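Visitor: I am new to reading structures, and I would like to learn how to follow one feature at a time. Could you take me through this one slowly?

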Amino acid sequence: MKPYLREKIPSGFDEIPDTTSYEAGYLVTKNAGWRNVRPVIDTEKCVGCLNCYLYCPDGVISRKDGKVQIDYDFCKGCGICKRICRVGAIRMEAEK
Amino acid sequence: MALTAKTLDETEYFYGHKACAGCGGSLAVRIALKVLGENAIAVLPAGCMSAVGFNFPQLCFGNNAIISTFAGTASMLTGVQAGLKAQGITDFHAVGFAGDGGTADIGLQALSGAIDRNDDILYICYDNEAYMNTGIQKSSLTPFGAKTTTTPAGKNIHGNLRQKKNMFEIAAAHDIPYAATASVGYLNDFIRKVEKAKSIKGTKYIHILAPCPTGWGVKTDETVGIAKEVVDCGLWYLAEYENGSFTLNHEPKEFSDVSEYLRKQSRFRHLTDEDIEIIKQSRDKKWEFIHKNFKKEK
């Protein structure tokens with residue numbers, strides 16, 4: 001199971017678990033606000049080597065139709081994917 | 001056949017964490033868990049990865065994970081595997097992720113004890129070469145010349161005066177079933193080593209160099225490149241210890257420029273040419289030892 005973003009964020013005491021923690025992979029906040037630049041994939045150029053997927057510290061790059069896609073909710077914009085891409089299919093764009 | 005990016009488990013087990021952008025340690029944890037799978041039970045002492053992975057109620061591990069005391073990573077791993085075995089559960093991998101301080105300084109005694117008992121655990125040290133979580137203090141794995149908040153660079157003393165502790169060979173000296181070094185710049189090598197450790201019974205130790213952009217003073221996109229360069233210039237090496245002998249996995253044909261590697265990082269920017277000469281000499285001495293005592297991979 002991949003950790004995933006929950007719709008409901010606990011706010012009161014009655015919603016806090018009575019054990020020591022929530023279940024594994026309980027995410028309530030995004031990391032998207034950390035970013036100044038965002039990686040954008042050129043699917044025309046992408047050859048699906050998956051190097052960016054392998055080297056992403058946050059694991060936000062996943063496979064899609066033989067190419068890759070990015071989960072912008074959790075990408076921090078570090079730029080490792082752009083540096084590792086051998087065919088230059090990733091460019092960094094300024095966040096507006 | 002060895003796992004590659006194409007055959008690796010697609011599930012993410014370390015996701016949504018609050019590590020700095022470009023964090024090498026989180027990359028090591030993420031990849032190791034993908035190799036070990038959902039039956040891995042992770043133990044993390046105080047350190048970056050526990051600080052960024054368990055921000056209640058944000059729980060970034062997709063498998064079971066627990067925080068241990070700073071000194072007790074290996075002893076908690078011992079407890080985890082003993083407890084599961086007592087319940088008749090055998091299909092699991094007890095894995096610890098401790099930083100360089102949590103391994104070579106504070107957790108060394110517990111690790112040594114676990115290796116002595118040969119408990120069935122995998123201990124992974126992600127080495128970012130200082131106590132990064134608390135704001136960059138020197139650990140015994142900080143290299144010579146590095147500037148930290150406790151080894152500042154001044155006119156007379158140029159950063160850390162001590163050499164990096166040889167943690168890999170200390171683990172090997174216990175005659176451990178399996179020990180290895182790795183780097184986040186060479187992930188396929190790391191994947192192969194975690195896979196191998198997964199299949200071995202007894203205590204396993206993997207020491208992975210994981211650059212920290214914040215503490216090393218490099219850009220966030222340079223983590224992987226600098227982790228490759230440290231191996232290419234000979235200041236780190238990829239090796240294994242098994243059945244009583246050392247094997248070198250990767251030998252650079254020719255070392256790349258050490259000063260180029262050092263000058264890129266703000267923690268080394270103050271070094272003089274003489275300091276760099278000392279670093280080069282200690283590198284050559286180390287490689288002389290490696291050539292004498294390590295087998296070459298066939």
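**Strands, a helix and a contact**

Guide: Let us begin with a pair of residues in neighbouring strands: B:E240 has B:T247, a residue of strand 10 of chain B, as its bridge partner. Please keep in mind that this is a predicted model.

Visitor: In which sense do strand 9 and strand 10 of chain B run, and how many bridges join them?

Guide: Strand 9 and strand 10 (residues 245–248) of chain B run antiparallel and are joined by four bridges. The two strands form a hairpin with two residues between them, and in the turn B:N243 has a positive phi of about 45°.

Visitor: Does strand 10 of chain B pair in a parallel or an antiparallel sense with strand 11 of chain B?

Guide: The general idea for any regular strand is that its side chains alternate between the two faces of the sheet. Here, strand 10 of chain B pairs with strand 11 (residues 294–296) of chain B in the parallel sense, over three bridges, and B:L248 stands opposite B:K296 of strand 11.

Visitor: Which residues of helix 7 of chain B are buried?

Guide: A residue is called buried when 20 or more other C-beta atoms lie within 10 Å of its own. In helix 7 of chain B the buried residues are B:L187, B:F190, B:I191, B:K193, B:V194 and B:A197. Because they cover an arc of only 165° around the axis, they lie on the same side of helix 7 of chain B. These buried residues pack against helix 1 of chain A, and also against helix 1, strand 6, strand 7, strand 8 and strand 9 of chain B.

Visitor: What span should the 13 residues of helix 7 of chain B have?

Guide: At 1.5 Å a residue, the 13 residues of this helix (187–199) should span 18 Å, and the end C-alpha atoms are 19 Å apart, which agrees.

Visitor: Why does A:K67 count as partly exposed?

Guide: A:K67, in strand 5 (residues 67–70) of chain A, has 16 C-beta neighbours inside 10 Å, and therefore counts as partly exposed.

Visitor: What scores does the model have?

Guide: The model scores ipTM 0.94 and pTM 0.96, while chain B averages a pLDDT of 96.

Key:
Residues are numbered from 1 along each chain as its sequence is written. Chains are lettered from A and ligands numbered from 1 in the order in which they are written. This is a predicted model: local features need pLDDT of at least 70, side-chain atom pairs count only at pLDDT 80 or more; totals for chains, interfaces and linings use all residues. pLDDT is the predictor's confidence in each residue, from 0 to 100. The expected span of a helix is 1.5 Å times one less than its number of residues. A residue is buried if 20 or more other C-beta atoms lie within 10 Å of its own, exposed if 12 or fewer, and partly exposed in between; C-beta atoms are placed from the backbone. The arc is that of the directions from the helix axis to the C-beta atoms. Two residues are in contact if their C-beta atoms, placed from the backbone, lie within 7 Å. Two strands pair if DSSP finds at least two bridges between them.
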